[in-house]
Amino acid sequence: MAPSGTDGSLIASLHELSVQVAVGAGKVARAGRAGGFEVGTKSTDTDLVTGVDRAVEGWLAAALHHARPDDGLLAEEGASRTGTSGVRWVIDPIDGTVNFALGLPQYAVSVAAELDGTVVAGCVHNPESAETYSAALGAGALLVQPGRSPRALGGPRSVELARAVVGTGFGYAGWQRARQGELVSRLLPRIGDIRRLGAASLDLCAVASGRLDAYFEVGLNHWDYAAGLLIATEAGCVASGLPGHEPGPRLVTVAGAGLAGPLAELLTGLGIEAISA
Ligand code: IPD
């Protein structure tokens, strides 16, 4: 729900700005990839960061500051600041950095706007496919693709759990991956199939657009899912976290209305709570 007393035109303008800066940042990312870049590591040896992640984040931080100087910012590579307007931007300059570094086309710029702590607008833009997913709270979710008319998103097909194609992802710490892999080994015989595509924001948009039936992941950061989660729920998907909790860093699950309950029950039965501790 929108914060009480919210001006719809503010949400509309935050939505418009999220799309504008995500698409602009996508151009910076593509140009940076073509020009060559440095690759370093962060939390573990498998958690990559490139010079382009930092350049795109710097570009986004400057563009948002220029447009709305009083807003706060939470950004993956650390360009965060406290604002005074009640709006905070949550950005992942390149979600899917490993794909980006390897030359795989599945990565995105993710930009979300929070108003008084609620995500009210967001955009996930894949610079390689030029696909732009976006949403504003209460106004639905949209996919803009080259050569096609903009499409309102309606979530995945209706499918039973035994045939559902479910996306997931893995963290960067070995101990966490071992637990996640064990859970997937127990899940796989009970569903249609698994996909690990490598960019959480795009996984969420894939459920919104019906390319995946569901998605879950343990251990995400807010910037990985802030925009994608709004896009999925505005497309009519059901989002949940651990039993009795909202979606969050410990668990994000998204599915169509018919699948959400059975999937959540199955994940609980398979011990998702223990692996997300
Ligand atoms: C990662 C990707 C990946 C997910 C990881 C995230 P990053 O984000 O979204 O799909 O499995 O949990 O950390 O590091 O590429 O921004």
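Biologist: Is aspartate 116 buried or exposed?

Modeller: In this predicted model, aspartate 116 is exposed, because its relative accessible area is 57% and the cut-off for exposed is over 50%.

Biologist: Where does aspartate 116 lie?

Modeller: Aspartate 116 is found in the loop that connects strand 5 with strand 6 (118-126). These two strands make a hairpin with two residues between them.

Biologist: What is the phi of aspartate 116?

Modeller: Phi of aspartate 116 is near 50 degrees, which is a positive value in a residue other than glycine. As background, most residues other than glycine have a negative phi.

Biologist: How do strand 5 and strand 6 pair?

Modeller: Strand 5 and strand 6 pair in the antiparallel sense, over seven bridges. In one of these pairings, alanine 112 has glycine 122 of strand 6 as its bridge partner.

Biologist: And which residue in strand 7 is the bridge partner of glycine 122?

Modeller: In strand 7, that partner is alanine 135. Strand 6 and strand 7 run antiparallel and are joined by six bridges.

Biologist: How many residues of strand 6 are buried?

Modeller: Eight of its nine residues are buried, so strand 6 is largely enclosed by the rest of the structure.

Biologist: What about the hairpin of strand 6 and strand 7: which residue takes a positive phi there?

Modeller: That residue is alanine 130, with phi near 60 degrees, in a hairpin that has four residues between the strands. Alanine 130 is located in the loop between strand 6 and strand 7 (131-136). Its relative accessibility is 34%, so alanine 130 counts as partly exposed.

Biologist: What joins the side chains of threonine 132 and histidine 125?

Modeller: A polar contact of 2.9 Å joins them. Leaving aside residues up to four places away in sequence, threonine 132 also touches several others, including Val19, Val23, Cys123 and Leu142.

Biologist: Changing topic to helix 2: how many residues does it have?

Modeller: Helix 2 (residues 51-67) has 17 residues. From its first C-alpha to its last it reaches 24 Å, close to the 24 Å expected at 1.5 Å a residue.

Biologist: Which residues of helix 2 are buried?

Modeller: The buried residues of helix 2 are Val52, Asp53, Val56, Glu57, Leu60, Ala61 and Leu64. They cover an arc of only 170 degrees around the axis, so they are on the same side of helix 2. On the other side of helix 2, Arg54 and His66 are exposed.

Biologist: What covers the buried residues?

Modeller: The cover for the buried residues of helix 2 includes helix 1 (8-35), helix 3 (97-102), strand 2 (48-50), strand 3 (72-75), strand 4 (87-95) and strand 5 (108-115).

Biologist: Which residue caps the N-terminal end of helix 2?

Modeller: Threonine 50 does, with a side-chain oxygen that lies 3.1 Å from the backbone nitrogen of valine 52.

Biologist: In what sense do strand 10 and strand 12 pair?

Modeller: Strand 10 (residues 165-167) and strand 12 (residues 214-217) pair in the parallel sense over two bridges. Valine 166 has alanine 214 in strand 12 as its bridge partner.

Note on methods:
Residues numbered from 1 in each chain as written. Predicted model: local features only at pLDDT ≥ 70, side-chain atom pairs only at ≥ 80, totals over all residues. Heavy atoms only, no water. Pairing = 2+ DSSP bridges. Expected span 1.5 Å × (residues − 1). Buried < 20%, exposed > 50% of the residue type's maximum accessible area, 1.4 Å probe, protein only. Arc of directions from axis to C-beta. Contact = heavy atoms within 4.5 Å. Polar contact = N/O pair within 3.5 Å; in protein donor to acceptor, adjacent residues only side chain to side chain.
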